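Work through the exercises below with the sequence and the coordinates open side by side. Each task is followed by a solution in steps.

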Amino acid sequence: MFVLELSYTAPLDRVDAVMQEHLAWLDTHYAAGVFIASGRKNPRDGGVILAVGDDRAAIERLTASDPFVVHGVCAYRITEFIATRTSDPLAPYRQRL
C-alpha cells in the first residue's frame, strides 16, 4: 500500500485550472481498483491518496501521469507501507509481514 502526498508547487488558480483533468485521472484509477481514498489537505496546499499496489515503480509511473504533474502544479511524496491492521471494510487490503 502507498500513501501519495501531493504538494502544490504553483498558485491555487493554476491548480484549479487543471482540477477537472486531475479528477478524471482519479476516477480512472478508482475504477481500476488502485485508489481507495483521496482528498485535499487542510490547509489546502495539496492532497493525499491511498493507493494499493505491490510495485513502487508502477506507482511512480502512475503519479507521473497525473495532470497536476504533467502541468507542473504539484510534486508527489510516495510512502510505501505494509497495512497489517485495517478496519473491517478494508480487510481485503490487509498484508502480512
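Two strands count as paired if DSSP finds at least two bridges between them, and strands (E, at least two residues) and helices (H or I, at least four) are DSSP runs numbered from the N terminus. This is a predicted model in which local features need pLDDT of at least 70 and side-chain atom pairs count only at pLDDT 80 or more, while totals for chains, interfaces and linings use all residues. Residues are numbered from 1 along each chain as its sequence is written, and side-chain values use heavy atoms, with hydrogens and water left out.

**Exercise 1.** Describe how strand E2 is connected and paired to E3.

Solution. Next, take the pairing: E2 (residues 35-40) and E3 run antiparallel and are joined by five bridges. Finally, locate Arg40, which stands opposite Gly47 in E3.

**Exercise 2.** Identify the residues around Phe68 that are in contact with it.

Solution. Apply the cut-off for contact, heavy atoms within 4.5 Å. Leaving aside residues up to four places away in sequence, Phe68 then touches Leu6, Tyr8, Val15, Val18, Met19, His22, Val73 and Cys74.

**Exercise 3.** Characterise the lining of the largest pocket by element and by class.

Solution. First, assign the elements: E1, H1, E2 and E3 each supply at least two lining residues. Then sort by class, which gives eight nonpolar, five polar and two charged residues, where Ala, Val, Leu, Ile, Met, Phe, Trp, Tyr, Cys and Pro count as nonpolar, Asp, Glu, Lys and Arg as charged, and the others, Gly among them, as polar.
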